[in-house]
Every structure is written in structure tokens, then in C-alpha cells.
Amino acid sequence: MEKQMVIAYIGNGKSANRYHIPFVLTRKDKIRIKKIYTMDHSRDKWAEIPGVQYVEDMDEILKDEEIQVVILSTPHDTHYPLAKKVLEAGKNCVSEKPFTETKEQAEELFALAKKKGLMMQCYQNRRFDSDFLTAQKVIESGIIGDVTEVEISFDYYRPEIPQKREFHPFHSFLYGHACHTLDQVISYFGAPDRVQCDVRQLLGEGKMNDYFDVDLFYGNRLKATVKSSYFRVKPRPAFTVYGMKGMFVKEVKDKQEEHLKMFYMPGQPGFGEDKPSEYGTLTYMDENGVYHEEKVPTVTGDYGRYYDALYETIMNGKEQLVKPWETILQIEIMEKGIRGLK
């Protein structure tokens, strides 16, 4: 049996109980959740996890010498002060996204972690979305040739949300959703040569940011675009990749979030898996000029792979999955995009 990594959570809401803990519980041989901090456990809506201690004093986590990593699953405006507190207590730290509100805050946290010989990392679970993983498989097959354009969309038809919310730069659609898709682009293609942002308030000044379209350019050939809107009655394809010889379109997003919302959990048969009707379509011209159109079986996503990588970093000294520069660059792009709105 492998030695267990001992972790704790600060925050006991939807983020921890939907997007983190269910995946950790399938890895009990490698990871043990020792404690969860909650402000008032009597008011928590989520069922207790057997064997986990629920505490209302954060020091019970920060002063526990057995705990190796503290995961922040709290509102994003608390990430910076809490991460600083965790690092100063001598603990490795993982923070949900958006990681921080500003590039300056992120740089400070990574510098503090380095100074103390600790790991600080953003929780980028959507690197393990099925649409993203399947698109990578198609690109790397070489069938569609050199890639010229990638489009990642995260659309909804939820007009009531921007109608009710006033503008705040960090409580915006850009910060709330581009933090997923920008990371996918940066993690796969690297740092772009230039960035162009189209970030709007479709309901006018004073209302929340409800639309964005961010282009990342790589040389003269490749453009990757991440875009989202609250006003799409029919969403655009989740993932589209264009190459010199063909294209790949994945209409349907990764299914893990949908299944988690139905309390269908990791480890259960079929969790996160697409139906054949949901497979993406690969269209290309072969070397003989013959047209092909075929379905590509979806690579099943697994957010737990983030924790597998975290285990390797903490327990075996391997390089962390999400690099500090990737997180800093993402925040810099979002800061640029939201600038000027009010």
C-alpha cells in the first residue's frame, strides 16, 4: 500500500463536495482527508464524510503537523488572504479558481511559497475535461494536419443572472468562466505571442459582464479563442479544432459536472462517459483527396487526475501540474480583459 497524502479543506460547500471530495474518495489508498474547516457545521447542507473531522477553528488545520496540503474551496475573494495564511503556517496549498483577483496577488503567493519551500497551486481540474482530452487526441493523431484555429465555448441561456447582478470586475463572467478555458489553451499551447479581448456588458453599463471572446495568437498560423455568453438559446459547440486537412467538432461538454449535479458519482459505472450520439465528429481529406466524416469515441474525463498529479508532487517530488507562470498569465489576461468596464 502506498503512503497516504494527508489533506484538509477550508470550505465545506458545493465546490469541495462536488468537484473535489468525490474524486478523492475514489483514491483512499493514496489520499486521506483528515479535516474540513466550516464556519458553522450545524448549518452545513452536505452529508458528513465518515472518518473526517469537521472543525470550526481554522487553527486546528493549520497547526496539525500531519496535514500536508490544505485545499481552499471558498469564495474567490478569500483565496489570497487564506492562501497567505496557509503558506505562513508552513502548509502546501491548493486554491480553487479564479486563483486571485490580480496578477500582483498571485505573484506574491508564489514568491512566498518559494521562499518557504512549499507548493502553491491552482486547482485546474478542467484540464481533464473529456472534450479537451479528445481534441488533444485528434490533434496529436495528425489527421487534420497543422492546427490553425481552436474555439472553446462555454455558453448558457440564463438571462436572469446578468439582469439581477451589478457590475464588479472580479464577480464577472470572464473571471468565473475564462479561468477554465484560458487554462486549457495555455496548458496545451503555451504562452501566446499576443492576446485580443472582447469583453462586454450586453445589458449595458453597470450590469455584470455577461459575454467574452478572447483570442490568443501563436505566430501567424494558430489562433485559439475562448468565448462564452449568457444569452445563447442554443450553445455553440464546446470544442472546435480546424486544421490544414480537416476539422473536429465536439458539440457536447464534458459530462462529469452534469453527473455530479445528479449525485451520480465517480466510481459508478458510466460516470462521466458520453453516449455514442454525443461523440465528436472528425472531418478530413486523406492523402488521396478522399473526403471522410466519422465519429470519434470520447476520451473519458476524470477530475481526480489532478489529485493523482498532486500526490506525485507532494509525495514523490515531481514538478507540479499547474505551473505558477501559467496561473499568473491567465490572471494577467483576465485583468486586461475586464479593464475599462464599469
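Select Phe132, Tyr188, Phe189, Tyr218 and Phe239: ring pairs link these residues into a cluster. A pair here means two rings of Phe, Tyr or Trp (its six-membered ring) with centres within 6.5 Å; planes under 30 degrees apart count as stacked, over 60 as edge-to-face and the rest as tilted. You're looking at a predicted model, where local features need pLDDT of at least 70 and side-chain atom pairs count only at pLDDT 80 or more, while totals for chains, interfaces and linings use all residues. Residues are numbered from 1 along each chain as its sequence is written, and side-chain values use heavy atoms, with hydrogens and water left out.

By that pairing rule, the count is 17 aromatic pairs. Now pick tyrosine 156 and phenylalanine 173. Their ring centres are 6.4 Å apart and their planes meet at 50°, so this pair is tilted. (Helices, H or I of at least four residues, and strands, E of at least two, are DSSP runs numbered from the N terminus.) Are tyrosine 156 and phenylalanine 173 buried or exposed? Both are buried, meaning under 20% relative accessible area; exposed is over 50% and partly exposed is in between (1.4 Å probe, protein chains only).

Next, click lysine 253. Its charged end sits over the ring of phenylalanine 154, 5.1 Å from the centre, and also over the ring of tyrosine 156, 5.8 Å from the centre. To count, NZ of Lys or CZ of Arg must be within 6 Å of the ring centre and within 35 degrees of the ring normal.

Last stop: helix H5, residues 130–141. With twelve residues at 1.5 Å each, H5 should span 16 Å, and its end C-alpha atoms are 17 Å apart, which agrees. (The expected span is 1.5 Å times one less than the number of residues.) How many of the twelve residues of H5 are buried? Nine are, so to speak, under cover, including Phe132 and Leu133.

Terms used. The expected span of a helix is 1.5 Å times one less than its number of residues.
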